[in-house]
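My entries follow in the order in which I made them.

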Amino acid sequence: MTRLAANLSMLFTDAPFLDRFDRAAAAGFEAVEFLFPYAHSIDEVKARLDRNGLSLTLINAFAGDWAGGERGFAARPSKTAEFAASLNQAIDYATGLGCPRIHVMSGITADEPDASACEAAWMGNMRLAADRTANAGLEVSIEPLNTRDMPGYFLAHQDAALDLIGKLDRRNVRLQFDVYHAQIMDGDIIRRIERLKGAYGHVQIAGVPDRHEPDTGELNYAAIFEAFDRVGFDGFLGCEYNPRGRTEDGLGWAAPFLTQKGA
Ligand SMILES: O=C(O)C(=O)[C@@H](O)CO
Ligand SMILES: [Mg+2]
């Protein structure tokens, strides 16, 4: 069964962040995800989830100066203190908000002088993340990002991320399988959904190549939804795209999977 989560960092962005929860629920979503809730208290965010009966599927740990180009710390040898602080904060939010999963970003490492030091930093930081989140009953996700949108990011390919997860040897770290990034970098989406079954705990979707609604472009999302069903994926598909216009006007493709309000 296809279950959708609205990504509130990208959908309904004509409204202030806290009002996006109301808009997502009114549009028929039962779940949401977002990158960084940290400008708001846990209580403020929880009140919006509760009053709309929404569950939360994913948050990101703080990733640094986003506008300045930072994209997390895990693979950056000089940022271990920032990493630990962002992890503790994210665990507090995830626990307080009933969110099962934290996306921990690895960082831009293209300019780091020593690639092996980046991998060593990643291993150490991610083991810390895995162990602390496991104690809190949470999962960590890592996400390869396409090099067109995110040049220099530490993780770009699905198989490379899987290799790192294998070396990490922690059961609560899994892939965040973003179909948009995976198609741009690796392709072979249906076979990949089958082959990586169990290795991804969260999925995100968007049209390719423009990152708009998943109803145009080079991917056949009806077949992709069927493939996730066929392999028994029972998590949420995060709608992480830039709407072509007002979010609600572009939700025709999602209508079969949204709660019909007033029905
Ligand atoms: O850009 C994406 O895709 C995401 O999922 C964000 O969390 C940033 O990595
Ligand atoms: Mg994503």
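I began with the exposed side of H3, where Ala 81, Asn 88 and Asp 92 are exposed (12 or fewer other C-beta atoms within 10 Å of the residue's own, C-beta atoms being placed from the backbone; 20 or more is buried, in between partly exposed). I note that this is a predicted model, in which local features need pLDDT of at least 70, side-chain atom pairs count only at pLDDT 80 or more, and totals for chains, interfaces and linings use all residues. Residues are numbered from 1 along each chain as its sequence is written, while chains are lettered from A and ligands numbered from 1 in the order in which they are written.

I then listed the buried residues of H3: Phe 83, Ser 86, Leu 87, Ala 90, Tyr 93 and Ala 94. Down the axis of H3 these fall within an arc of 135°, so they line one face of the helix (the arc is that of the directions from the helix axis to the C-beta atoms). Helices (H or I, at least four residues) and strands (E, at least two) are DSSP runs, numbered from the N terminus. The cover over the buried residues of H3 includes H2, strand S3 (55-60), strand S4 (101-103) and helix H4 (115-135).

I picked out Leu 87 in H3. Leu 87 is buried, with 23 other C-beta atoms within 10 Å. Leaving out residues up to four places away in sequence, I found Leu 87 touching Ala 61, Leu 128, Ala 129 and Arg 132 (contact: C-beta atoms, placed from the backbone, within 7 Å). I also looked up Phe 62, 25 residues from Leu 87 along the chain; their C-alpha atoms are separated by 7.8 Å.

Next I took H2 (residues 42-52) against H3 (residues 80-97): their axes come within 10 Å and cross at roughly 35° (axes are lines fitted to C-alpha atoms over the stretch in contact, with angles from 0 to 180 degrees between N-to-C directions). Ile 42, Val 45, Lys 46 and Leu 49 in H2 meet Asp 92, Tyr 93, Gly 96 and Leu 97 in H3.

Just after H3, I noted a positive phi of about 65° at Gly 98.

I finished with H4. Its buried residues include Cys 118, Trp 122 and Met 126. Just after H4, Gly 137 has a positive phi of about 75°.

Key. Contact = placed C-beta atoms within 7 Å.
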